[in-house]
Amino acid sequence: MSEKFDVDAPTLSRYVMQNTKDHELTILLNTLATSFKLIASAVGRAGVAQLYGLAGEVNSTGDDQKKLDVMSNDMMINALVHSGVCCVLVSEENEEPIFVPPEKQGKFCVAFDPLDGSSNIDCNVSVGTIFSVFEKKEGTVNDLLRSGADCICAGYCTYSSATELVFTFKGGTVEGFCLDPTIGEFVHTRVDMKFPSDGGKRIYSCNEGNFVHWDQPIKDAVEEFKNSAKPYSARYVGSMVADIHRTLLYGGIYIYPADKKSPKGKLRCLYEGIPMALIIEQAGGIASTGLFEGKIGRVAELTPDSIHCKCPIIMGGPRDVGIIYNCYKKHGVETPEL
(Lines give C-alpha, C1' and ligand atoms only; values in the text may rest on other atoms or scores of the structure.)
Protein backbone atom coordinates (compact mmCIF):
# COMPACT_ATOMS: atom_id res chain seq x y z
CA MET A 1 0.00 0.00 0.00
CA SER A 2 1.36 3.43 -0.87
CA GLU A 3 2.01 5.79 1.99
CA LYS A 4 -0.58 8.52 2.40
CA PHE A 5 0.65 12.10 2.04
CA ASP A 6 -1.25 15.23 2.97
CA VAL A 7 -1.04 17.53 -0.05
CA ASP A 8 -2.75 20.39 1.77
CA ALA A 9 -1.30 20.39 5.31
CA PRO A 10 -3.14 22.89 7.57
CA THR A 11 -0.05 24.38 9.22
CA LEU A 12 0.32 26.74 12.16
CA SER A 13 1.57 29.52 9.88
CA ARG A 14 -1.52 29.25 7.68
CA TYR A 15 -3.86 29.21 10.70
CA VAL A 16 -2.28 32.31 12.27
CA MET A 17 -2.27 34.25 9.00
CA GLN A 18 -5.93 33.40 8.38
CA ASN A 19 -7.06 34.28 11.89
CA THR A 20 -5.23 37.51 12.60
CA LYS A 21 -4.63 40.53 10.40
CA ASP A 22 -1.71 41.44 12.65
CA HIS A 23 1.51 40.92 10.71
CA GLU A 24 3.68 41.22 13.84
CA LEU A 25 1.61 38.69 15.76
CA THR A 26 2.09 36.23 12.90
CA ILE A 27 5.86 36.74 13.13
CA LEU A 28 5.74 36.26 16.92
CA LEU A 29 3.87 32.94 16.72
CA ASN A 30 6.21 31.66 14.02
CA THR A 31 9.22 32.71 16.13
CA LEU A 32 7.84 30.87 19.15
CA ALA A 33 7.16 27.81 17.01
CA THR A 34 10.77 27.82 15.80
CA SER A 35 12.08 27.93 19.37
CA PHE A 36 9.76 25.03 20.31
CA LYS A 37 11.21 22.97 17.46
CA LEU A 38 14.72 23.68 18.73
CA ILE A 39 13.77 22.74 22.31
CA ALA A 40 12.00 19.58 21.12
CA SER A 41 15.18 18.56 19.31
CA ALA A 42 17.31 19.21 22.41
CA VAL A 43 14.89 17.28 24.67
CA GLY A 44 14.82 14.38 22.22
CA ARG A 45 18.62 14.18 22.12
CA ALA A 46 19.19 14.91 25.83
CA GLY A 47 20.51 11.46 26.62
CA VAL A 48 22.96 11.01 23.75
CA ALA A 49 24.08 14.66 23.88
CA GLN A 50 24.74 14.40 27.65
CA LEU A 51 22.30 17.19 28.49
CA TYR A 52 20.96 15.56 31.65
CA GLY A 53 21.97 16.86 35.06
CA LEU A 54 22.45 20.22 36.73
CA ALA A 55 24.04 23.28 35.19
CA GLY A 56 25.41 24.31 38.61
CA GLU A 57 23.21 27.38 39.04
CA VAL A 58 19.80 28.33 40.43
CA ASN A 59 17.12 30.30 38.59
CA SER A 60 15.16 33.41 39.56
CA THR A 61 12.87 31.42 41.85
CA GLY A 62 15.58 29.46 43.62
CA ASP A 63 15.21 26.17 41.75
CA ASP A 64 18.30 24.29 40.60
CA GLN A 65 18.86 24.83 36.89
CA LYS A 66 19.27 21.83 34.63
CA LYS A 67 21.45 21.98 31.52
CA LEU A 68 18.32 21.80 29.40
CA ASP A 69 16.78 24.72 31.35
CA VAL A 70 19.69 26.93 30.39
CA MET A 71 19.74 25.77 26.77
CA SER A 72 15.96 26.15 26.32
CA ASN A 73 16.06 29.60 27.87
CA ASP A 74 18.85 30.73 25.56
CA MET A 75 17.01 29.37 22.53
CA MET A 76 13.84 31.31 23.37
CA ILE A 77 15.58 34.55 24.27
CA ASN A 78 17.70 34.52 21.11
CA ALA A 79 14.70 33.79 18.90
CA LEU A 80 12.48 36.46 20.49
CA VAL A 81 15.13 39.20 20.68
CA HIS A 82 15.95 38.78 16.98
CA SER A 83 12.32 38.48 15.87
CA GLY A 84 11.95 42.27 15.63
CA VAL A 85 8.50 42.19 17.25
CA CYS A 86 9.30 42.03 20.98
CA CYS A 87 10.04 44.71 23.54
CA VAL A 88 10.27 43.16 27.02
CA LEU A 89 10.85 39.51 27.90
CA VAL A 90 10.42 37.75 31.23
CA SER A 91 11.74 34.22 31.80
CA GLU A 92 11.55 32.01 34.87
CA GLU A 93 15.28 31.46 34.45
CA ASN A 94 16.21 35.17 34.67
CA GLU A 95 15.99 37.25 37.85
CA GLU A 96 15.44 40.50 35.90
CA PRO A 97 13.39 41.30 32.79
CA ILE A 98 15.19 41.34 29.44
CA PHE A 99 14.88 44.51 27.36
CA VAL A 100 15.25 44.13 23.61
CA PRO A 101 17.72 46.63 22.03
CA PRO A 102 15.85 49.65 20.56
CA GLU A 103 16.78 48.84 16.97
CA LYS A 104 15.11 45.40 17.28
CA GLN A 105 12.08 46.36 19.34
CA GLY A 106 8.48 45.57 18.45
CA LYS A 107 5.14 45.84 20.21
CA PHE A 108 4.94 42.61 22.22
CA CYS A 109 5.94 41.68 25.74
CA VAL A 110 6.36 37.94 26.31
CA ALA A 111 6.63 36.00 29.57
CA PHE A 112 7.62 32.34 29.50
CA ASP A 113 8.74 29.28 31.40
CA PRO A 114 11.14 27.76 28.86
CA LEU A 115 11.13 24.23 30.30
CA ASP A 116 8.34 23.59 32.80
CA GLY A 117 8.70 20.35 34.74
CA SER A 118 12.44 20.09 34.10
CA SER A 119 13.04 18.63 37.57
CA ASN A 120 11.66 15.44 35.95
CA ILE A 121 13.73 15.59 32.78
CA ASP A 122 16.43 13.16 33.89
CA CYS A 123 13.87 10.35 34.19
CA ASN A 124 12.31 11.12 30.80
CA VAL A 125 9.00 12.56 32.01
CA SER A 126 7.03 14.94 29.76
CA VAL A 127 8.11 18.58 29.97
CA GLY A 128 6.92 21.70 28.22
CA THR A 129 7.06 25.44 27.58
CA ILE A 130 4.39 27.93 28.69
CA PHE A 131 4.02 31.51 27.44
CA SER A 132 1.82 34.59 27.70
CA VAL A 133 1.80 37.65 25.45
CA PHE A 134 0.89 41.25 26.26
CA GLU A 135 0.95 44.36 24.07
CA LYS A 136 3.47 47.13 24.74
CA LYS A 137 2.23 50.28 26.45
CA GLU A 138 5.19 51.92 28.15
CA GLY A 139 8.01 49.66 27.02
CA THR A 140 8.78 48.85 30.66
CA VAL A 141 8.29 45.82 32.87
CA ASN A 142 4.95 47.35 33.93
CA ASP A 143 3.59 46.22 30.58
CA LEU A 144 3.67 42.68 31.99
CA LEU A 145 2.45 43.51 35.49
CA ARG A 146 -1.14 43.75 34.30
CA SER A 147 -4.31 41.77 34.84
CA GLY A 148 -4.61 38.48 33.04
CA ALA A 149 -7.58 40.09 31.29
CA ASP A 150 -5.02 42.03 29.21
CA CYS A 151 -3.26 38.88 27.97
CA ILE A 152 -3.78 38.77 24.18
CA CYS A 153 -2.37 35.32 23.47
CA ALA A 154 -1.27 32.33 25.53
CA GLY A 155 -0.15 28.79 24.98
CA TYR A 156 1.99 25.83 25.89
CA CYS A 157 4.06 23.28 24.03
CA THR A 158 4.54 19.79 25.42
CA TYR A 159 7.48 17.57 24.51
CA SER A 160 6.80 13.86 24.76
CA SER A 161 6.01 11.02 22.35
CA ALA A 162 4.78 13.88 20.18
CA THR A 163 5.45 17.62 20.32
CA GLU A 164 2.12 19.43 20.68
CA LEU A 165 1.45 23.16 20.72
CA VAL A 166 -1.82 24.41 22.22
CA PHE A 167 -2.62 28.12 22.10
CA THR A 168 -5.42 30.65 22.02
CA PHE A 169 -5.98 34.28 21.15
CA LYS A 170 -7.94 36.38 23.67
CA GLY A 171 -11.63 35.86 22.99
CA GLY A 172 -10.93 33.01 20.57
CA THR A 173 -10.94 29.23 20.47
CA VAL A 174 -8.29 26.86 21.79
CA GLU A 175 -6.41 25.13 18.97
CA GLY A 176 -3.92 22.26 18.99
CA PHE A 177 -1.01 21.65 16.59
CA CYS A 178 1.27 18.64 16.39
CA LEU A 179 4.83 18.85 15.07
CA ASP A 180 5.27 16.68 11.98
CA PRO A 181 9.01 15.94 12.04
CA THR A 182 8.98 14.84 8.40
CA ILE A 183 8.17 18.36 7.19
CA GLY A 184 9.30 20.34 10.24
CA GLU A 185 5.93 22.06 10.63
CA PHE A 186 3.22 22.23 13.29
CA VAL A 187 0.06 20.78 11.72
CA HIS A 188 -3.45 21.63 12.94
CA THR A 189 -4.71 18.45 14.60
CA ARG A 190 -7.09 19.57 17.37
CA VAL A 191 -9.77 22.05 16.29
CA ASP A 192 -11.71 24.15 18.82
CA MET A 193 -10.59 22.16 21.87
CA LYS A 194 -13.24 21.90 24.60
CA PHE A 195 -13.54 20.28 27.99
CA PRO A 196 -15.72 17.16 27.79
CA SER A 197 -19.31 18.39 28.17
CA ASP A 198 -20.13 15.75 30.79
CA GLY A 199 -17.01 16.50 32.84
CA GLY A 200 -15.07 13.69 31.21
CA LYS A 201 -13.00 11.18 33.12
CA ARG A 202 -13.10 11.28 36.90
CA ILE A 203 -9.50 12.27 37.60
CA TYR A 204 -8.08 14.44 40.34
CA SER A 205 -4.52 15.70 40.02
CA CYS A 206 -2.64 17.13 42.98
CA ASN A 207 0.44 16.62 45.14
CA GLU A 208 -1.09 14.78 48.10
CA GLY A 209 2.23 15.05 49.89
CA ASN A 210 1.01 18.56 50.77
CA PHE A 211 -2.31 17.30 52.22
CA VAL A 212 -1.44 18.23 55.79
CA HIS A 213 -0.86 21.86 54.75
CA TRP A 214 -4.16 22.37 52.90
CA ASP A 215 -7.22 24.18 54.25
CA GLN A 216 -10.09 21.97 55.37
CA PRO A 217 -12.36 22.48 52.32
CA ILE A 218 -9.61 21.29 49.96
CA LYS A 219 -9.00 18.28 52.19
CA ASP A 220 -12.73 17.55 52.24
CA ALA A 221 -12.99 17.82 48.44
CA VAL A 222 -10.09 15.43 47.82
CA GLU A 223 -11.60 12.93 50.27
CA GLU A 224 -14.90 13.25 48.38
CA PHE A 225 -13.13 12.56 45.08
CA LYS A 226 -11.65 9.40 46.55
CA ASN A 227 -14.72 8.16 48.40
CA SER A 228 -17.58 9.05 46.04
CA ALA A 229 -19.90 6.40 44.60
CA LYS A 230 -17.70 6.48 41.50
CA PRO A 231 -14.25 7.08 42.96
CA TYR A 232 -11.87 9.30 41.02
CA SER A 233 -8.47 8.15 39.80
CA ALA A 234 -5.38 9.98 41.01
CA ARG A 235 -3.04 11.19 38.26
CA TYR A 236 -0.18 13.57 39.07
CA VAL A 237 2.86 13.95 36.83
CA GLY A 238 4.41 16.94 38.58
CA SER A 239 4.94 18.71 35.25
CA MET A 240 2.22 21.36 34.96
CA VAL A 241 2.09 21.22 31.16
CA ALA A 242 1.54 17.46 31.18
CA ASP A 243 -1.09 17.57 33.94
CA ILE A 244 -3.03 20.46 32.37
CA HIS A 245 -2.85 18.92 28.88
CA ARG A 246 -4.34 15.67 30.20
CA THR A 247 -7.01 17.56 32.17
CA LEU A 248 -8.00 19.56 29.08
CA LEU A 249 -8.24 16.47 26.87
CA TYR A 250 -9.72 13.94 29.30
CA GLY A 251 -11.52 16.08 31.88
CA GLY A 252 -11.07 16.06 35.64
CA ILE A 253 -9.40 18.63 37.86
CA TYR A 254 -5.90 19.94 38.59
CA ILE A 255 -5.31 21.34 42.09
CA TYR A 256 -2.35 23.33 43.42
CA PRO A 257 -3.92 25.47 46.14
CA ALA A 258 -2.54 28.03 48.53
CA ASP A 259 -1.70 26.34 51.83
CA LYS A 260 0.10 26.84 55.14
CA LYS A 261 3.47 26.12 53.54
CA SER A 262 2.89 28.32 50.47
CA PRO A 263 0.22 30.91 51.39
CA LYS A 264 0.52 32.57 47.97
CA GLY A 265 0.54 29.29 46.09
CA LYS A 266 3.46 27.65 44.33
CA LEU A 267 3.02 28.27 40.60
CA ARG A 268 4.15 31.48 38.90
CA CYS A 269 1.31 33.83 38.07
CA LEU A 270 2.67 35.54 34.94
CA TYR A 271 3.94 32.60 32.93
CA GLU A 272 2.07 29.62 34.40
CA GLY A 273 -1.19 30.70 36.05
CA ILE A 274 -2.44 33.40 33.66
CA PRO A 275 -1.68 31.65 30.34
CA MET A 276 -3.13 28.34 31.51
CA ALA A 277 -6.21 30.14 32.87
CA LEU A 278 -6.85 31.79 29.49
CA ILE A 279 -6.63 28.40 27.76
CA ILE A 280 -8.79 26.57 30.33
CA GLU A 281 -11.55 29.19 30.37
CA GLN A 282 -11.72 29.52 26.60
CA ALA A 283 -12.03 25.73 26.37
CA GLY A 284 -15.09 25.86 28.63
CA GLY A 285 -13.39 25.09 31.94
CA ILE A 286 -12.93 27.01 35.17
CA ALA A 287 -9.63 28.47 36.39
CA SER A 288 -10.08 29.40 40.04
CA THR A 289 -7.66 30.58 42.70
CA GLY A 290 -9.49 28.67 45.41
CA LEU A 291 -9.50 30.62 48.70
CA PHE A 292 -6.76 33.21 48.17
CA GLU A 293 -6.27 36.46 50.05
CA GLY A 294 -9.69 36.19 51.67
CA LYS A 295 -11.83 35.30 48.65
CA ILE A 296 -12.32 32.87 45.79
CA GLY A 297 -11.49 34.49 42.47
CA ARG A 298 -10.45 33.86 38.88
CA VAL A 299 -6.79 33.34 38.04
CA ALA A 300 -7.36 35.33 34.83
CA GLU A 301 -8.26 38.42 36.87
CA LEU A 302 -5.10 38.39 38.99
CA THR A 303 -2.63 41.26 38.56
CA PRO A 304 0.98 40.17 39.24
CA ASP A 305 2.81 42.44 41.71
CA SER A 306 6.21 41.21 40.53
CA ILE A 307 7.41 39.26 37.51
CA HIS A 308 8.02 36.07 39.50
CA CYS A 309 5.11 36.26 41.95
CA LYS A 310 3.10 33.12 42.65
CA CYS A 311 -0.56 32.18 42.67
CA PRO A 312 -2.73 29.17 43.60
CA ILE A 313 -4.54 27.22 40.89
CA ILE A 314 -7.64 25.04 40.72
CA MET A 315 -8.43 24.20 37.09
CA GLY A 316 -11.01 21.83 35.69
CA GLY A 317 -14.55 21.42 34.43
CA PRO A 318 -17.65 22.75 36.24
CA ARG A 319 -18.55 19.30 37.60
CA ASP A 320 -15.32 18.93 39.56
CA VAL A 321 -14.62 22.54 40.49
CA GLY A 322 -18.20 22.57 41.77
CA ILE A 323 -17.31 19.88 44.31
CA ILE A 324 -14.55 22.10 45.72
CA TYR A 325 -16.86 25.14 45.75
CA ASN A 326 -19.51 23.14 47.65
CA CYS A 327 -16.91 22.20 50.27
CA TYR A 328 -16.05 25.89 50.70
CA LYS A 329 -19.77 26.74 51.01
CA LYS A 330 -20.12 24.22 53.84
CA HIS A 331 -17.42 26.17 55.68
CA GLY A 332 -19.23 29.48 55.18
CA VAL A 333 -17.04 30.81 52.37
CA GLU A 334 -18.79 32.87 49.69
CA THR A 335 -18.26 31.14 46.33
CA PRO A 336 -18.93 32.30 42.75
CA GLU A 337 -21.73 30.83 40.68
CA LEU A 338 -20.58 28.22 38.17
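Glu-293 is exposed, with a relative accessible area of 62%. Here exposed means over 50% relative accessible area, buried under 20%, and partly exposed in between (1.4 Å probe, protein chains only). The model is predicted, so local features need pLDDT of at least 70 and side-chain atom pairs count only at pLDDT 80 or more, while totals for chains, interfaces and linings use all residues. Residues are numbered from 1 along each chain as its sequence is written, and side-chain values use heavy atoms, with hydrogens and water left out.

Glu-293 is not a glycine, yet its phi is positive, at about 55 degrees. The residue sits in the loop between strand 15 (286-292) and strand 16 (295-298). Strands (E, at least two residues) and helices (H or I, at least four) are DSSP runs, numbered from the N terminus. Asp-192 also has a positive phi, near 50 degrees, and is likewise a residue other than glycine. Asp-192 belongs to the loop between strand 10 and strand 11. Its relative accessibility is 33%, so Asp-192 counts as partly exposed.

An open sheet is formed by eight strands, in the order 4-3-5-6-7-8-9-10, with mixed pairing. Two strands pair if DSSP finds at least two bridges between them. Strand 4 (98-99) and strand 10 are the edge strands, and each pairs on one side only. Strand 5 (residues 105-116) runs antiparallel to strand 6, and seven bridges join them. Phe-112 has Phe-131 in strand 6 as its bridge partner.

Contact means heavy atoms within 4.5 Å. Lys-37 is 148 residues from Glu-185 in sequence, but the two C-alpha atoms are 8.7 Å apart in space.

Strand 13 runs parallel to strand 11 (residues 203-205), and two bridges join them. Tyr-204 stands opposite Ile-253. Strand 13 also pairs with strand 18 (residues 313-316), in the antiparallel sense, over four bridges. There, Tyr-256 stands opposite Ile-313.

Aromatic rings were examined next. Rings of Phe, Tyr and Trp (its six-membered ring) pair if their centres lie within 6.5 Å; planes under 30 degrees apart count as stacked, over 60 as edge-to-face and the rest as tilted. The count comes to eight aromatic pairs. Phe-36 and Phe-131 form a tilted pair, with 5.9 Å centre to centre and 35 degrees between the planes. This pair links distant parts of the chain: Phe-36 is in helix 2 (residues 23-44), Phe-131 is in strand 6 (residues 127-135), and they are 95 residues apart. Both Phe-36 and Phe-131 are buried. The pair of Phe-225 and Tyr-232 is tilted because the ring centres are 4.8 Å apart and the planes are at 40 degrees. Phe-225 is buried, at 0% relative accessible area, and Tyr-232 is buried too, at 8%. Ring pairs also link Tyr-15, Phe-167, Phe-169 and Phe-177 into a cluster.

Nonpolar cores were then traced. Such a core is a set of buried Ala, Val, Leu, Ile, Met, Phe, Trp, Tyr and Cys residues joined through side-chain atoms within 4.5 Å. The largest has 43 residues, and Leu-248 and Met-276 have the most contacts inside it. Helix 6 (residues 269-282) gives the most to this core, with nine residues. Beyond its neighbours within four places in sequence, Met-276 is in contact with Ile-130, Tyr-156, Met-240, Val-241, Ile-244 and Met-315. A second, separate core has 42 residues, including Tyr-15, Phe-36, Ile-121 and Phe-131.

His-245 lies in helix 5 (residues 240-250). Is His-245 buried or exposed? His-245 is buried, with a relative accessible area of 9%. Its contacts, leaving aside neighbours within four places in sequence, are Tyr-156, Thr-158, Glu-164 and Val-166.
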